[in-house]
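Please keep the sequence and the model in view while reading.

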Amino acid sequence: MASIAPTTTFNFLAKTDPTIASILTKELQRQRDYLELTACTNFTSLAVMAAQGFVLTNKAASGLPGNRCYTGCELIDESEQIAIDRAKQLFGAAHANVQPHSGAQANFAVFLALLQPGDTFMGMNPFYSGHSSHGSPTNVSGLWFNKQHYEVDQETECLDYDQIRDLALKHRPKLIICGSSAYSRVIEFDKFRAIADEVDAYLMADIAHIAGLVASGHHPNPVPCCDVVTTTTYKTLRGPKGGLILTRDPELGEKLDKAVFPGFQSAPLQHVIAAKAVAFGEALQPEFKAYCRQVIENARALATQLQKRGFRILSGGTDNHLMVVDLRSIGMTGQQADQLLSSINITANKNSIPFDTQPPFITSGLRLGSPAMTTLGMGTAEFTEIANIIADRLLNPSSEAISQNCQLRIAELCSCFPLYPDLDFGDG
């Protein structure tokens, strides 16, 4: 069989649709030129991208391995079963569904399987550290169900399990969700389990942000404690965009499968599932454990240096891959900081802080994460320099000279740690 050069499929695109091809090449260059500090963003391997961009995109395969609506799925079944088996091994689960298109859809499958419209559930407040699918008033979780929210302690900015227990006893939810999108401390799943047992509630963990840290043993695993666990497959897990559902209960797993299909989703994205399988295989390797350890060390280096430069970090630091900077400490909004950093080729995101007085599109905080630049090989020295660049820019918002100096330092970092150095589209 003739070999296929890595750029062949892109060259087909360049000839067929040069407009889209041009956008892709420009986006590759943008990613190469920016420091990616968005906590929810990472860079997949070329192998993951190759799997996602290949022939499995052509096949409709509604159903599960061995039980499809269409024929011709024998090899599709093999690919999906490998993804399932690797996910189970990675997280120590008895059952896995790899079909959800996103983490939010995985969460909706849990609601569909375990709740009826109008039932009460509890989750972290989406306006601070929770996720929109944990009860935002504009999300189906907040529109169809009786949402009750817990928050962090106002002084420690950490989870207050006594407060969560009191709320659970008051509202008697049918489902409790633990997990967040901007919480930088360890989540104690066993304490949530005790609360759920006391009120006879299902317990779900949404580990979308920390999945890679869980899989590598750098954060407690919720699977033994929780009835169901959901996650995205990118972020710290470093796979393609997509969702995943895990459970230790095979009988519950069958209900969850039916909630995904035919419950709300039809044909799964088999090319993405193949890419998930590749990413799960990568996460099972010893190198991934070392990577996740470095992710945490880099996040701590970033937080520590920002604190030295006068910035306040929520809860005083981080145990995982992210942190939220309280910009009230320098008299700036999240929107202002986001724009200033973008102007020097740093991507981050404005983020509400607990008990924020600013509206959600302005915010008082800035969320930063370490996964993507750690993927490129950066260590604590580089993240200390990144902290200094951020501080120099934000503490001198009107200085064009400092802005230019920061851009030069960023260009040097990007040059020393290039993204996909072996990926070359050639002349198209």
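How many salt bridges does the structure hold? The structure holds 17 of them, a salt bridge being a side-chain nitrogen of Lys or Arg within 4 Å of a carboxyl oxygen of Asp or Glu. The model is predicted, so local features need pLDDT of at least 70 and side-chain atom pairs count only at pLDDT 80 or more, whereas totals for chains, interfaces and linings use all residues. Residues are numbered from 1 along each chain as its sequence is written, and side-chain values use heavy atoms, with hydrogens and water left out.

**The sheet**

- Seven strands form an open sheet with mixed pairing, in the order β4-β10-β9-β8-β7-β5-β6. Strands (E, at least two residues) and helices (H or I, at least four) are DSSP runs numbered from the N terminus, and two strands pair if DSSP finds at least two bridges between them.
- The edge strands, each pairing on one side only, are β4 (95–97) and β6 (146–150).
- On average, neighbouring strands of this sheet are turned by 20° against each other, direction ignored; the axes are lines fitted to C-alpha atoms, and angles run from 0 to 180 degrees between N-to-C directions.
- Strand β5 (residues 120–124) pairs with β7 in the parallel sense over two bridges, and Met122 has Ile176 in β7 as its bridge partner.

**Strand β8 and its neighbours**

- Strand β8 (residues 202–206) is largely enclosed by the rest of the structure, because four of its five residues are buried. Buried means under 20% relative accessible area, exposed over 50%, and partly exposed in between (1.4 Å probe, protein chains only).
- Strand β7 (residues 175–178) pairs with β8 in the parallel sense over four bridges, and Met204 in β8 is the bridge partner of Ile177.
- From β7 the chain passes through helix α8 (residues 189–198) to β8 in a right-handed β-α-β crossover: with the strands pointing away from the viewer, the path from the first strand over the helix to the second runs clockwise.
- Strand β9 (residues 228–232) also pairs with β8 in the parallel sense, over three bridges, and Val229 in β9 stands opposite Ala205.

**Salt bridges**

- Lys174 and Asp119 form a salt bridge, their closest N and O atoms being 3.5 Å apart. Lys174 lies in the loop between α7 (161–171) and β7 and Asp119 in the loop between α5 and β5, so the pair ties together parts that are 55 residues apart in sequence.
- Glu157 forms a salt bridge with Arg312, with the closest N and O atoms 2.6 Å apart. This pair links distant parts of the chain, since Glu157 is in the loop between β6 and α7 and Arg312 is in strand β11 (residues 312–313), 155 residues apart.
- Glu157 is buried at 12% relative accessibility, whereas Arg312 is partly exposed at 33%.
- Arg328 and Asp326 meet in a salt bridge of 2.8 Å, N to O. Asp326 is buried, with a relative accessible area of 3%, and Arg328 is partly exposed at 48%.
- A network of salt bridges links Glu157, Arg312, Asp326 and Arg328.

**A charge over a ring**

- The charged end of Arg238 sits over the ring of Tyr291, 3.9 Å from its centre; the rule requires NZ of Lys or CZ of Arg within 6 Å of the ring centre and within 35 degrees of the ring normal.
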